[in-house]
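Trainee: I have the complex open and would like to go through it with you. Where shall we begin?
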Amino acid sequence: MAERFVPARYQPPLPLEKLILQDGSEGAGDRMELDVLIVGAGPAGLACAIELAKLAKVGGTELNIGVLEKAEALGEHSLSGAVVNPRAFRELFPELKDADFPFRAPVAREAVYLLTAGGRWRLPTPPTMHNKGCYVASLCEIVRWLGAKAEEAGVNVFTGFPAAQLLVRGQAVAGVRTAAAGLDRDGGRTASSMVPNDLVAKVTALAEGTRGLLAQAWCQWQGVSSNNPQLFALGVKELWETKQPLDRVIHTMGWPLPSDAFGGSFVYPLDPHLIALGLVVGLDYKDAGLDVHVLLQRLKQHPLLRPLLAGGEMIEWGAKTIPEGGFYSLPQRRAGDGVVLLGDAAGFVDVPSLKGIHYAMQSGMFAARVIFRTLKGAVGAELMEYDGMVNTSYIAKDLYRTRNMRLAFRDGFYLGGLQAALMTLTGGRFPNEPYRMPADAEVARRSGEPPDGKLTFSKVDAVFKSGNATRDTIPSHLIVGRDVPAEVARFYAHMCPAGVYEVAADGLRVNAPNCVDCKATDVLGPRWTPREGGSGPKYKRM
Amino acid sequence: MKIAVCIKRVPDSETRVKIGADGKSLDEAGVKFALNPYDEFAVEEGLRRKEKAGAGEVAVICLGPAAAQETIRTALAMGADRGVLLQADKVPMDGFETAKLLAAELKEGDWDLILFGKMAIDDYNHQVGPLVAELLGLPCVTAVAHLEIDGTKGVAEREVEGGIEVVEFPLPAVLTADKGLNEPRYPALKGIMAAKKKPLEVKPVQPGAGAIEVLVLMLPPERKEGKIVGEGAGAVVELVRLLREEAKVL
Amino acid sequence: MTTVLAVLEQRDGALRKISHEVVTGARRLADALGGSAMVEAVVCASGPVGNSAQAGSFGADKIVTLTNAGFAKYAPEGYAQAIAERAQRGEGGYRALVFAASATGKDLAPRVAAKLGVGVAADITDIAVDGGAIVVTRPVYAGKALLKARVAAQPAVLSLRPNVFTPVERPKAGAAETVAVTVPPGRVTVREVKAAPAGTLDVAEAQIIISGGRGLKEPANFKVIEELAKAFGGRAAVGASRAVVDAGWRAHSDQVGQTGKTVSPTLYIAVGISGAIQHLAGMRTSKVIVAINKDKDAPIFKVADYGVVGDLFEIVPRLTEEIRKLHG
């Protein structure tokens, strides 16, 4: 029998003592007081800010709203497929029409395929994946558009400022402390380095996206649990300019994924000659050598895709994890004293339909309404109402309907597929009990042609196309466990799509500047912490 | 100290170049624009000189399209006091046209120092600073990598082939900044907020057509497939020959 | 008589080598203009310039030395005035002025151009004449694109990118003339040219970078790279791969990594660097990449323009020898 190891054994715990800081602790330069602080300028955070600004304007009050974003410019760390359900946009901007929104094109045609090494079976589109009425879009473009709306509404958006620690007063969240910048490799100050800043607010909304660090910290600190731990998939995505046009949205399953890994691919035309394609794989895969980036390169050689991409050019590459646990992985509560959790950071993603953006925005809008009421001092108003709003909304309803679908794939593709089909057929009534899931890192693991640079690419080339220009002298932001044996080091090297981990003669080598903040490492390996603002990828249309 | 810093909004250094439909300009779809990196050194130097003098003003002047207001705000967030946008849809290819407009704006300013970046990273023109200095009749030192100022006298160091040129000059003067002059500061949070409230004047201008007319913008020839020249020390002579005659780098 | 003015550079009373490129460029333009256009080379100095006759062998019909006691070292304002006055004399004046886009040229050309009421067509890599108009080609966006432009200015002021106009022997009369000029004392004075402190050639700014990797086996072997760098006579910087810096063999400031903000070198020589997982973006925009590695399948050979497979301890010293011969 092949050797097995459990990644969790080699993973350092969440450094909670470093993440929770008493407000008033020394070490910060500027201190800024806001009414509402939002961490993360993604769709959830920006929708929250915009809704808050609107409520303030209508209510004749002035609210000082600040949004912190770790990327150097809006959108640079945003990555998704994406096919977007427009309902949240319509609710947030009732005065606008669909044509005004930052979408590329309505989904006209779709196809779902089960791939084999040389062929394909066209499957009927599963009901959960019908995308009629939805739009193909670039999340980067959405975020930039929302950001402009936010700034127009008077919201302060601070790019290049990662939130590194939660500031607390007693059991309440008071704000955040940002990361320092300009440190040298050993963490020392340089001439131009910038000390951390404190931002304090009456309410802090954590909208950090997938595997949000402070969201994790708050939940652990406050003992907020969930039925299942959150599960994650890793998506590696490329943006291609093609000679051949594509007129439909495509999803595939099967090859090249091994039968004991969950996932599939998407191919979306942003316009007929601008294609977004990616492979998404659940991080509970069993084969330690599984490498999502490499599988994506293989996928592109399939007869379904190779002709489409022939003669084209890959113009961007990126990677990001997606919270996949669904309903049973949601934290029991997503609001607390002085804090709310939004979007992906809270786990509001529906994997079977591959949707998260409209849930993120909706959660931000719900939070904004609750925050506004509490700030106004409305009698009985409290942040906990946000949970109520989400729980009685379509967010919870949709997630509940597909609550076990992803989880069924714990048992492998075929068995899982069968169970998933049953769930669809019964409208979610099968099965009755939640599937119990271990955390990805708890799943035991078992212990490929060189890229041609035209159709397939090495990780080095790929990271270059993510726009990553992080300075080489930056201190490493990753917390590695001690004594990582060679087989685990190899596992890390395959796991990381950006080539951060390498197996060298003397053990694990960490090329931290390569990191594109996908967070796969935080799920399975060395812990991720924020580094100076502007580090990481610079996505343009991902 | 009254200091003016002239800045330019340029495509980010990571920009992937696509030729626009007219065959003469950059396709700006998806292009991220930024403050010219060499101008960052100039802004930083202006701020340091004002701080050192204890009092004064740093004004930022930019010739560019309406979107360049964002570029000016970056400089204001670093600490500059006010900005002026000479608004024109297209920045002329002919540096002399740019220089004329900037000189007209700077003329009555009674500046102690007028700072530029030594060149813009889009056109590498390397001339607007000294052109403006000539038009204003002011002394000028270009590509300054080290600067000392004592009252109305200054000493600058600039890199030349094989050494460092040490240059003396009087104030008021025009200087263009090179990498190494200083480490530009990160805009502070408070600076970013304050920048929104600082004065930014927008003046529409009409650049002349200039005497340098763009005919074509094209991508460079494809990088040829690399080749293994040979094995061992024996291949060196051929390598050197190729580097000299084919690649023209020796 | 159509004349192109080639502005040469001297240091310590001798013409700098870059002057050959300037004359070559001016000659090329003159020939393209046709009608037996002439090239007049001009140089500012405090006295006779020893090897000025060289200008003749590269195509100058006439070589004029503008002398003034204050012209021994570069005198920005004096040189600019003298050259501008020269350019404005005579019927019809000069059709074009050609400078090198060297450190001095980049400083001098705009000053002269402004006095003549025009801008500079700067950093050009090719000159042609089309229907009587001067058309130049130049790189833009850090070499990611090429621009072709028509220069309608009269006179046209051009500066040539160094290392592009390979000097071509085209012997012409090269009649020498010396003209004493008077200019007001300049406000900007060059006090001295001091030597750059050894080893401070910034990897980010160097024209030539030679980087060593793990293939060097131990820190002391970097000597082999340093020798090669020296052979390039001060234009080359020694860089290090990330692996080597992480191992503590070289300082962080030597690291050549992926930070794409740095100016790209003309020539990048990767010695003992496999090019695997390490980020090569920083060197990717080098004009020419040479790789030396004993493993013929090393990924770096995919990125390199020229590769030599073999033992670097034999190849690099041989290369050093050849470069020394070239520069000797």
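Mentor: Begin with a pairing that crosses between chains: strand E12 of chain B is joined by 6 bridges to strand E10 of chain C (residues 145-151), and the two strands run antiparallel. Please bear in mind that this is a predicted model.

Trainee: Which residue of E10(C) stands opposite B:Glu213?
Mentor: C:Arg150 stands opposite B:Glu213.

Trainee: How many residues does each chain bring to the contact between B and C?
Mentor: Chain B brings 70 residues and chain C brings 68 residues. On the side of chain B, several elements supply at least two residues each, among them helix H3 (95-106), strand E8 (153-160), strand E12 (212-218) and helix H6 (236-246).

Trainee: And which element gives the most to that side of chain B?
Mentor: That is E9(B), with 8 residues. Sorted by class, the side of chain B that touches chain C holds 42 nonpolar, 13 polar and 15 charged residues.

Trainee: What about the contact between chains A and B, how many residues are there?
Mentor: There, 18 residues of chain A are in contact with 13 residues of chain B. The side of chain A that touches chain B consists of 9 nonpolar, 5 polar and 4 charged residues.

Trainee: Let us turn to chain B itself. How many helices and strands does it have?
Mentor: Chain B has 6 helices and 13 strands. Its C-alpha atoms fill a box of roughly 65 × 45 × 40 Å along the principal axes. Of the 250 residues in chain B, 52% are buried. Among contacts in chain B with a separation of 6 or more, 70% come from residues 24 or more positions apart.

Trainee: Why is helix H2 of chain B described as largely enclosed?
Mentor: Helix H2(B), residues 68-78, has 9 of its 11 residues buried, so it is largely enclosed by the rest of the structure. The buried residues include B:Ala68, B:Ile72, B:Arg73, B:Leu76 and B:Met78.

Trainee: What follows H2(B)?
Mentor: B:Gly79 follows H2(B), and its phi is positive, near 140 degrees.

Trainee: Changing topic, how are chains B and C divided into domains?
Mentor: In chain B, domain 1 covers 2-204 and domain 2 covers 221-250. The C-alpha centres of these two domains of chain B lie 41 Å apart. In chain C, domain 1 covers 3-180 and domain 2 covers 208-327; the C-alpha centres of the two domains of chain C lie 35 Å apart.

Trainee: Is strand E7 of chain C mostly covered or exposed?
Mentor: Strand E7(C), residues 120-124, is mostly covered, with 5 of its 5 residues buried. It is joined by 3 bridges to strand E11 of chain C (residues 156-160), and the two run parallel.

Trainee: Which residue in E11(C) is the bridge partner of C:Ile124?
Mentor: The bridge partner of C:Ile124 is C:Leu160.

Trainee: Finally, what does the predictor say about confidence in chain C?
Mentor: Chain C averages a pLDDT of 86, and 88% of the residues score at least 70. Residues 258-263 of chain C have a pLDDT below 50; beyond near neighbours in sequence, that stretch has 22 contacts in the model.

Trainee: What ipTM and pTM does the predictor give the complex?
Mentor: The predictor gives the complex an ipTM of 0.92 and a pTM of 0.86.

Key:
Residues are numbered from 1 along each chain as its sequence is written. Chains are lettered from A and ligands numbered from 1 in the order in which they are written. This is a predicted model: local features need pLDDT of at least 70, side-chain atom pairs count only at pLDDT 80 or more; totals for chains, interfaces and linings use all residues. Two residues are in contact if their C-beta atoms, placed from the backbone, lie within 7 Å. Helices (H or I, at least four residues) and strands (E, at least two) are DSSP runs, numbered from the N terminus. Ala, Val, Leu, Ile, Met, Phe, Trp, Tyr, Cys and Pro count as nonpolar, Asp, Glu, Lys and Arg as charged, and the others, Gly among them, as polar. Two strands pair if DSSP finds at least two bridges between them. A residue is buried if 20 or more other C-beta atoms lie within 10 Å of its own, exposed if 12 or fewer, and partly exposed in between; C-beta atoms are placed from the backbone. Domain bounds come from an automatic or database domain assignment. pLDDT is the predictor's confidence in each residue, from 0 to 100.
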